[in-house]
Amino acid sequence: MNQNLLKSLLSLIVFAGALSAYAQEEQDLDTEVVNIVKPYTPSISDAFKIKATPQLDDSVNVAKKQVTYGIFSVPVASTFTPAKGKAANVKKARPVKLFDNYVTLAFGTYSSALAEFYSNYQIDRNQNFGIYLDHNSSQGNIEDVELEDKFYDTSLNLNYTSRDRDFTWRGDLDFQHQLYNWYGLEDPSLFSAEDLNNIEPRQQYYTAAVGANFEMEDSFFDGGQVKLRYFGDATSSTELRAFATPQLELPIAGELIQTKLVIDYVQGEFDRNYFNSQGINYGFLNAGLNPSLVILRDDLTVNLGIAAFVSYDIELQNTNFNLYPRITGSYRVAGEYFIAYAGLEGELRQNSYYDVVQENPFVSPILLIQPTDQAYDAYVGIKGKVSNEVSYNLRGSYTSENDRRLFKNNPRFTPADASEGYQYGNSFGLVYDDLKTTSIFGELNVDVNANFKVRINGTYYSYSTDQQEEAWNLPDLEAALFADYQISEHWFAGANLFFVGERPDQRSTSSPTVTPFPVDVTLDSYFDINAHAGYRFNDQLSAFARVNNVLGNNYQRWVNFPVQGIQAMAGATYKFDF
């Protein structure tokens, strides 16, 4: 097969060569001469040009009018002579140096002492650890007081904070030790020297608590707080309280829905009651839900909410359901200068042994603890500013409370019947009553200048009780004035003035077998002036002096309990970094 293909190719080549030789022999070309007569000269022919402004043959065509104008020039003499500009010198404020630690130490009359220590350790840019120690004490020596009257209050706080982009939380560990004495005897002359020596007035309180606060960004969970606290005293009274308050925030249909949850648990016991019989136990679990709608419309802000609470009495095994209004609103009538506001709010307020002691440390360790039902607090007011230096706030309110707790002086036992240091009319108990309160509040803030600021406020009260004869130990008038003056770069001073009106109470003599016979008493109003001044040597060291109760009045904050006279204290504060 390959040989036949080779033969065919050779035959095709021979045939193509013969055909080529034949064509060259038969078609020979002769030479010819070509004469050029004239060279080619191209030219441009005439073209028809369209006119830029065509002639219009129209009946509505109107000829243009000729416009003439002129400039009327009048010379004006100028007296303005420009001067060279010069840049003004700007005095730069020296940035304030911030220190992570400080210590304060002061001593004064009545063998009083004040000590504070704060330290903040920055672990990294998002974490820090802090320590705060606070101590305040006095050895007493109040005029005409026969019993021991010293006190001290020491607290320690350890905290840790973590900050992320969307989540921040802080944890706290707290400890507190307080010592007070039931020194308030009605008339020391009623007791012999031996009886006075047999009275043991000392009371001590112990607190330990752990808690945390949370804040979140870009989340329906806005934040909240949780806390667990133990509280006890030297007479074997104990209390445990735990509460949590998470908050949710949801935008719905262009509006903001906020919801606050409340879980509050308290349980405690007192070793005995006032007549040395069986002890007192108490326990309550309150759970609440508070949804609210926030409406923002230009100058109008309205918060429409409602609060529902369920309260369970652990000892009596009773359950109560309470519903409260939570409605507030404000309207800017004239911007920041005149703002009208109003509200109607209620709440279930959990009372505790710890809260009672912080308000009145001279209570007996035999108390009736129960929640207070604030049915509503209706108020209306105006606030704003007269100028950039003067602002004001005026409010009137009417409050209705069920089971409002009131402090009342305990009956006085004879030395033969008394066996505890608080049974000599020198302690206070709690009574509860339905209370309605009408109040008028006013406040004025004045910034005289950048270095001198004054704030004054006052509140008038009118009470109506249901079962009690009076609203015990509640004043009819309260007023206060606060002033701070930065005298110079180094010197500073300030003053606080307090006025508290008359308060009603009762004294009574009793025994475990005799019914008390009460006698109404009225505590006089009092005026307390406190002043302070100081000198800053530099950014780190400053010295200060304080004078409390400048007028030296031995007024009674509580019946039978006079306060110290004029008190002076001097000390220093030092800031530093490790």
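Student: Why is Ser 162 called buried?

Tutor: Ser 162 has a relative accessible area of 9%, and buried means under 20%, with exposed over 50% and partly exposed in between (1.4 Å probe, protein chains only). The 9% falls under that cut-off, so Ser 162 is buried. Before we go on: this is a predicted model, where local features need pLDDT of at least 70, side-chain atom pairs count only at pLDDT 80 or more, and totals for chains, interfaces and linings use all residues. Residues are numbered from 1 along each chain as its sequence is written, and side-chain values use heavy atoms, leaving out hydrogens and water.

Student: Where does Ser 162 sit, and which residues does it touch beyond four places in sequence?

Tutor: Ser 162 belongs to strand 4; helices (H or I, at least four residues) and strands (E, at least two) are DSSP runs numbered from the N terminus. Not counting residues up to four places away, Ser 162 touches Asn 126, Gln 127, Phe 167, Thr 168 and Trp 169. Contact here means heavy atoms within 4.5 Å.

Student: What makes Asp 144 buried or exposed?

Tutor: Asp 144 has 64% relative accessibility, so it counts as exposed. Asp 144 is in the loop between strand 3 (127–138) and strand 4 (151–163).

Student: Which residues line the largest cavity, and what makes something a cavity?

Tutor: On a 1 Å grid over the protein atoms alone, a cavity is a set of points where a 1.4 Å probe fits but cannot get out, while a pocket is an open set with protein on both sides within 12 Å along at least five of seven lines; lining residues have an atom within 4 Å of a point. Grid points are joined across faces, edges and corners, and volume is the space filled by probe spheres set on the points. The count gives one cavity of 30 Å³ or more, and the largest has about 30 Å³. Asn 560 is among its lining residues, together with Glu 186, Asn 409, Asn 410, Arg 412, Tyr 424, Gly 425, Arg 507 and Ser 508.

Student: How does the lining of the largest cavity divide?

Tutor: One nonpolar, five polar and three charged. Ala, Val, Leu, Ile, Met, Phe, Trp, Tyr, Cys and Pro count as nonpolar, Asp, Glu, Lys and Arg as charged, and the others, Gly among them, as polar.

Student: What about the largest pocket: what is its volume, and how many residues line it?

Tutor: The largest pocket has about 1200 Å³ and 36 lining residues, with Asn 136, Phe 151, Val 563, Gln 564 and Gln 567 nearest its centre. Its lining divides into 16 nonpolar, 13 polar and seven charged residues.

Student: What makes a set of residues a nonpolar core?

Tutor: A nonpolar core is a set of buried Ala, Val, Leu, Ile, Met, Phe, Trp, Tyr and Cys residues joined through side-chain atoms within 4.5 Å. The largest one has 39 residues, and those with the most contacts inside it are Tyr 353, Phe 362, Val 363 and Leu 367. Helix 3 gives the most to this core, with four residues. Leu 367 is in contact with Phe 270, Ile 280, Tyr 353, Val 356, Phe 428, Gly 429 and Leu 430, leaving aside neighbours within four places in sequence.

Student: Why does Leu 196 count as buried?

Tutor: Leu 196 has 15% relative accessibility, so it counts as buried. Leu 196 lies in helix 2 (residues 193–198). Beyond four places in sequence, Leu 196 is in contact with Glu 146, Leu 147, Leu 185 and Phe 191.
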